[in-house]
Amino acid sequence: MNGDLFDAVLLDRDGTLIEDVPYNGDPEKVRPMPGAREALDRMRAAGLRLAVVTNQSGLAKGLFTAAQMRAVNARVEELLGPFDTWQICPHDDGDGCGCRKPAPGMVHAAAAALGTRPARCVMVGDIGRDMTAALAAGATGFLVPTPVTRPEEVAAAPHVARDLTTAVDEILRRQAAVRPVTPRRAGTVLVVRSDSAGDVLVTGPAIRAVAANADRVVLLCGPRGRAAAGLLPGVDELIDWPLPWIDGDPSPVDPDDMRRLTDRLAAVGADEAVVFTSFHQSALPLALLLRMAGVARISAISDDYPGSLLDVRHRVPVGVPEPERALSLAAAAGFGLPAGDDPTLRVPAARPTVVPSGEPYVVVHPGASVPARACPPQRCAEIVAAIAASGYRVVVTGGPAETALTSRVAAAGGTDLGGRTDLAGLAGVIAGARCVVVGNTGPAHLAAAVGTPVVSLFAPTVPFGQWAPYRVPLVRLGDATAACRDSRATRCPVPEHPCLTAGVDPAEVVAAVRLLTTGSDS
């Protein structure tokens, strides 16, 4: 397996590849969507395998025969070229199957037929069911809206393209962005990610890309990300130093502290540096200190003019997932993931020693580093009660400062582990869970790093496609159209936090847990 992001693209049929003619059994009515043939041929030429993943409940309803459906599909291939596999659900909504979208069964089946995994697939479709099926399998989702697509489906989609051609443009751009144009080896490389635990975790694949091509990697992190940095593969040495232009609650700039930091950076003896940041942060203050420390080659993302501070000035479009944003910077610096290293988040997960023995469990993590992204305690308690009543064992987790919160939430029917684990121990607890119910905060990315499915109670203050748990099965819940959307607010600007109160029904959480743990939404 190479270092590319994707092996295959899965496509909905009606409304995505061809015009949607309800319950069509007539090949003569097949009309390709504009630009579909050219878009598909570009993906074939790029080496991507193609699948059709389609609900065809007309079979169950008796509105057309299997022979008529095969004739329609043959006409699709005649007009659009061959597909590597067809996955068809013949059932109706009431049949309770695991294949009908929004269940992820056909996404899993298509990936298996193509010799890959859902995480290495993109699903392109025109309605919310397509996106739910993709995310629940761990695939990337691209929504191409049509007049029948509901506005709330567009708002909730991880990625939206105006047509199939535009979706393919972005898929191929993202695929190319993580490939170094000129691969290179390096000696000692200083990599930087000074932010919270979640930010450090999403940078992990990019740091592994640097480490695969360097003799030694030194990571400069901040106090809030220190525990996560200590879990990342590929790091030989850590420097823990707060940066006042990055920290959310910064101390005043201390000239003496900056001089000490410059001296510490010089002592690393780095041949070059790669400065990773979030889209709203600047790499230039640190680039200046790195120049003063004698670092000869510096790479960073910067929309601002860097003058002579950067040797590699990289730019990334808005909305790219944070792990890919970082990977694209590593590639621009000449560092790519080696064959066999899938671009997923990764940390070691020790065996959970604090979980009492018993049946499998679901983790509910009610806290968040940013208050605007935390589900209110009462709603979390209701979620715990609903999950427990449905037959699942529940474990409630939280940090040492969150014990009052976890005690309150766990009282509804869960086991309280608040304050009983460090980050490595929490990784073990999450790794042993069937799934984790959590807001958009560090433990969501920790779940992705240990491969545990996520029910994401996602406050839309930041873009979902950019900050969702990466390449892990997930279900998004919460009101994606809320007034706080894209505000980047740290505290909810809307009274009563409606996106995660009225926007999250405990019954929906139970259904999401079932979808992720059984492969069916029934």
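A pocket is an open set of grid points where a 1.4 Å probe fits, with protein on both sides within 12 Å along at least five of seven lines. In this predicted model, the largest pocket holds about 1200 Å³ of space. Its lining consists of 41 residues. Nearest the centre lie Ser-196, Ala-197, Arg-224, Ser-369 and Val-370. By class, the lining has 18 polar, 14 nonpolar and nine charged residues.

The second largest pocket has a volume of about 840 Å³. It is lined by 31 residues. Gly-128, Thr-132, Ala-156, Arg-476 and Leu-477 are the closest to its centre. The elements that supply two or more lining residues are helix H5 (128–137), helix H6 (151–156), strand S17 (474–477) and helix H19 (506–518). Helix H5 gives the most, with five residues. The lining of the second largest pocket divides into 17 nonpolar, five polar and nine charged residues.

Strand S17 also belongs to an open sheet. Six strands form this sheet, in the order S14-S13-S12-S15-S16-S17. Their pairing is parallel. Strand S14 (415–416) and strand S17 are the edge strands, and each pairs on one side only. The partner of S17 is strand S16 (residues 454–457), and the two are joined in the parallel sense over four bridges. In one of these pairings, Val-454 has Leu-474 of S17 as its bridge partner.

The largest nonpolar core has 92 residues. Those touching the most other members are Val-9, Leu-11, Leu-17, Phe-83, Val-124, Val-191 and Phe-276. Helix H17 (residues 442–450) provides the largest share of this core, six residues. A second, separate core has 33 residues, including Val-364, Ala-482, Leu-500 and Val-513.

Val-9 shows how such contacts reach along the chain. Residues up to four places away in sequence are not counted here. Val-9 then touches Met-43, Leu-48, Arg-49, Leu-50, Ala-51, Val-122, Val-124 and Ile-171. One of these, Val-124, is itself listed with Val-9 among the core residues that touch the most other members.

Val-295 sits in the loop between helix H12 (284–292) and strand S10 (297–301). Val-295 counts as buried because its relative accessibility is 4%, and the cut-off for buried is under 20%. Beyond its neighbours within four places in sequence, Val-295 is in contact with Glu-272, Ala-273 and Leu-290. Leu-190 is 105 residues away from Val-295 along the chain, yet their C-alpha atoms are separated by 9.2 Å.

Ser-299 lies in strand S10. Ser-299 has a relative accessible area of 0%, so this residue is buried. With neighbours within four places set aside, the contacts of Ser-299 are Ala-273, Val-274, Val-275, Val-312, Leu-329 and Ala-333.

Methods: Residues are numbered from 1 along each chain as its sequence is written. This is a predicted model: local features need pLDDT of at least 70, side-chain atom pairs count only at pLDDT 80 or more; totals for chains, interfaces and linings use all residues. Side-chain values use heavy atoms; hydrogens and water are left out. A nonpolar core is a set of buried Ala, Val, Leu, Ile, Met, Phe, Trp, Tyr and Cys residues joined through side-chain atoms within 4.5 Å. Buried means under 20% relative accessible area, exposed over 50%, partly exposed in between (1.4 Å probe, protein chains only). Contact means heavy atoms within 4.5 Å. On a 1 Å grid over the protein atoms alone, a cavity is a set of points where a 1.4 Å probe fits but cannot get out, and a pocket is an open set with protein on both sides within 12 Å along at least five of seven lines; lining residues have an atom within 4 Å of a point. Grid points are joined across faces, edges and corners, and a volume is the space filled by probe spheres set on the points. Ala, Val, Leu, Ile, Met, Phe, Trp, Tyr, Cys and Pro count as nonpolar, Asp, Glu, Lys and Arg as charged, and the others, Gly among them, as polar. Two strands pair if DSSP finds at least two bridges between them.
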